[in-house]
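The entries follow the order in which I went through them.

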Amino acid sequence: MSLLQEERVRERDYLTSEYTLKSWLLTTDHKRIGLMYMVSITFFFFIGGAAATLMRLELMTPKGDILHSPDAYNRLFTMHGIVMVFFFLIPSIPAVLGNFLLPLMIGARDLAFPRLNLLSWYIYMIGGLVALFVLIFGGIDTGWTFYTPFSSMFSNTMVVPAAASVFITGFSSILTGMNIIVTTHTMRAPGMTWFRLPLFVWGHYATSLIFVLGTPVLAISLALLAAERLLHLGIFDPALGGDPILFQHLFWFYSHPAVYIMVLPGMAVVSEIVPCFARRPIFGYKFIAISSLAIAVLSFFVWGHHMFVSGQSMYGGMIFSILSFLVAIPSGIKVFNWTATLYKGSIRLDTPMLYALGFIGLFTIGGLTGLMLATMAIDVHVHDTYFIVAHFHYIMVGGAVMAYMGGIHFWWPKMTGRMYPEMMGKLSALLVFIGFHLTFFPQFILGYLGMPRRYFEYDPEFQVLNVMSTAGASILAVGYVLPLVYLLLSLKIGPIAGPNPWNATGLEWQTSSPPPPHNFDETPVVTVGPYAYSPEATEEAINHERD
Amino acid sequence: MRQHIVSVRTNVTIFLILQLLLVATVALAYVPLGKMHLTTSLTIAVAKAVLIVLYFMHIRWSRKLNWVFASASLVWFALLLALTMSDYLTRDWLPIPGK
Amino acid sequence: MSATETGAAQETTTTADPLLYHHFDDLEQQNDTSILGMWAFLATEVMFFGGLFVAYALFRHQHWTAFVEASRFQNVMLGAVNTSVLLTSSLTMAMAVRSSHLNQRKPVVWYLIATMVLGSAFLGIKGYEYHAHYEEHLAPGVNWDWEKAKTHGERSDYTEPPKASPLAGANGTRYVSDPSIGEKAKLYYFLYFFMTGLHAFHMVIGLIAVGLIAYLAQKNWVSGCGATHIEVTGLYWHFIDVIWVFLYPLLYLIEPGRS
């Protein structure tokens, strides 16, 4: 296509249809909202990252020397947790990629409730502003888990505003979840039956079940915390008839499924990337689809495994332990199916695939250690040690963040119409992988040896492993800063991408890059299932590309 | 267009049943039922809720999917309640303090 | 290229309908979607109130006696009247929805106004109850004083336990002097105010929504299949009723006749 023709085709894409600030701030276009979310969560990611950097610097030496007090360290890990969990991980894939891609993938013109979508972004920003306010004025020191009675009775920090920021942002999640669920039910294109949906949609649907059913309980737990803190009623004070464990039950009822909010979309992304770069249809499509739902449902049954040593009854602990074993099964099914998809595939190790493969390996390690932790007998020893920290970072960072990065790279050409530099992409993926292992694997050992979490000082015997961890973190940091730079640069100087640079299947690749404001010039009619890849077709496509 | 329009008779009948159930619930509260008070009052409350959901909220004539959404939310609440209380109701079953 | 410029669906029959949003193919899809969306939202509300019901269940289980005693100060009859009022408002709301399906504008508006009146009556009675509790020093965090409440202020809503009550103490006090009962009763009243307060908050929003819809219906803005707005508001209103149907027996009818 000539340059002039390309220019004309690109004239009316969703980015260039209107340029005013108002057209962005009052947009109801799910694609623009997805981009706005991307900017916001990237900002919070780097704030959370800054907190982590300071923590790792402090932990290079056994004594507390960089920070001026243990309180400062407490505030750092709390803000790291709150920002990373509520303002980065939970919205990341669903609000950025989910918002952008879901209507495209199902052949719709927008989500079911576009104005609620915009409202969800504004609510997120308001919550974020309150969180920033708390951060600037010293943060809080309760841990992101806000455990009572410390948070309700003893902490001298701004607990109520911090709880308020999370409360507010929760409504953003709820709206996104409602939108995704209803959209998937009512707005699929003709011929797009449930079992022809891409697994990305299944994964986001399952995630949205958790958004809708879990988040309100978090909201209530924080509201009760605020009431207790302001009115000193004794809800969580045993001396006045209350129970601090009640807070934990209500908090973890959401926060455990929340970790599946963070990982299910990651799995959804991986399910899109792996078939494309192995040039094979996904193995066990229905199993992966149903497993996504199973994970969402089962995730609500297991929250007590965070409370084995909190004072929960032994029998309660046993019930939760057994149920926690169950929830690992559908995750395992997915890992097996992705691996089977790779078997005899024509594997291309492009950047998205590197991230996806990294996800599979690291999530597996994280998940297996999760099984170890579900075992009460082990958990009572490693609870509140670095073993736990390593476990969840393997899943959150090794899993969810890598999947997010993979997804951003995979769909970058679709969202922006530009390609990123492949060598830089591969380099960053490699740096992240190496940096990640160096940062977090030593933490398993540290935890097993007994180093407690949330401590800014430690026994000198742990120093070597801590230094390794900090060294890894610095590599990891480079791995995250690089994409920020080259992805932004690609907007100006990256090669222009066609509608389907990866030769992927899926409706989103059948429209231009970037898509027009209303997504499709004609409503697509679906006649085949997803992932109609074959190595032979790939050969043909590659040969065709060279012409 | 919605397929089904509720008759005035249906609406009023349901309303009257609801008011009767209300009278019943208050009356029974004053009858010495011992341990059965909670069960009785909750059963009547559930009956009222079911009537409101089925008729006033149209579930009886709605898509199956709406029924699924309504039921799922109740099941989830029951899950929260049941598993939380499973901790409290099984405390002190073992001779270990705090377990 | 004209389809691209307008962004409309390929079918042109629906572009004439001003009620159809651009991203829907037809009004039926729009209706189904809106109603499903409201049900999804109500699911979140069930879980939201659910957390409070769990706290209530726990404390009632652990502090049964205190809950019984504390609930004695509730005005059972007034609560029953309130429940009846709210049930009636559900009736008028259901009638409004019915009328909107029949395209009867005036009845729609009247039924919606009736719903608002009944809803306001509910809130008025609630406000009276709150005031009564405040006067009796039963407002936790505001002027809570169990001792003063026990010895009974000027209000006469208070239900006397029968004379043979084992809980009647010496010197004419109606309860055994037990600070822990007072603290536990405080938890009951906190939950009472929080749960009914949250409920009332939802009712206020409901009243505003009903008022808005009534105004719009009066202006003939919604009609025919666009009556989804009324139906969706109705779902919300009935849900609030359902919540109260559970709150009333749990909070007022613990064991009012117990000796």
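This is a predicted model: local features need pLDDT of at least 70, side-chain atom pairs count only at pLDDT 80 or more; totals for chains, interfaces and linings use all residues.

**Entry: helix pair in chain A**

I first looked up helix α9 (residues 244-278) of chain A and helix α11 (residues 314-342) of chain A, and found that their axes come within 9 Å and cross at roughly 15°. Because angles under 35 degrees count as roughly parallel, I noted α9(A) as roughly parallel to α11(A). The crossing in which α9(A) passes α11(A) is left-handed.

I then listed the residues that meet: α9(A) brings A:Tyr260, A:Leu264, A:Met267, A:Val270, A:Ser271, A:Val274, A:Pro275 and A:Ala278, while α11(A) brings A:Val327, A:Ser331, A:Lys334, A:Trp338, A:Thr341 and A:Leu342. Sorted by class, I have 10 nonpolar, three polar and one charged residues in the contact of α9(A) with α11(A).

**Entry: chain C against chain B**

How much area do chain C and chain B bury between them? I found about 4300 Å², with 78% of it on carbon and sulfur atoms. Chain C gives 51 residues to this contact and chain B gives 46 residues.

Last, I checked for salt bridges between chain C and chain B, and the count is one. I recorded C:Asp32 with B:Arg63 as a salt bridge in which the closest N and O atoms are 3.7 Å apart.

Methods
Residues are numbered from 1 along each chain as its sequence is written. Chains are lettered from A and ligands numbered from 1 in the order in which they are written. Side-chain values use heavy atoms; hydrogens and water are left out. Axes are lines fitted to C-alpha atoms, for helices over the stretch in contact, and angles run from 0 to 180 degrees between N-to-C directions. Helices (H or I, at least four residues) and strands (E, at least two) are DSSP runs, numbered from the N terminus. Angles under 35 degrees count as roughly parallel, over 145 as roughly antiparallel, 65 to 115 as roughly perpendicular and the rest as oblique. A crossing is left-handed if the near helix is turned anticlockwise from the far one by less than a right angle, and right-handed if clockwise. Contact means heavy atoms within 4.5 Å. Ala, Val, Leu, Ile, Met, Phe, Trp, Tyr, Cys and Pro count as nonpolar, Asp, Glu, Lys and Arg as charged, and the others, Gly among them, as polar. Buried area is the accessible area (1.4 Å probe) that two parts lose on being put together, summed over both. A salt bridge is a side-chain nitrogen of Lys or Arg within 4 Å of a carboxyl oxygen of Asp or Glu.
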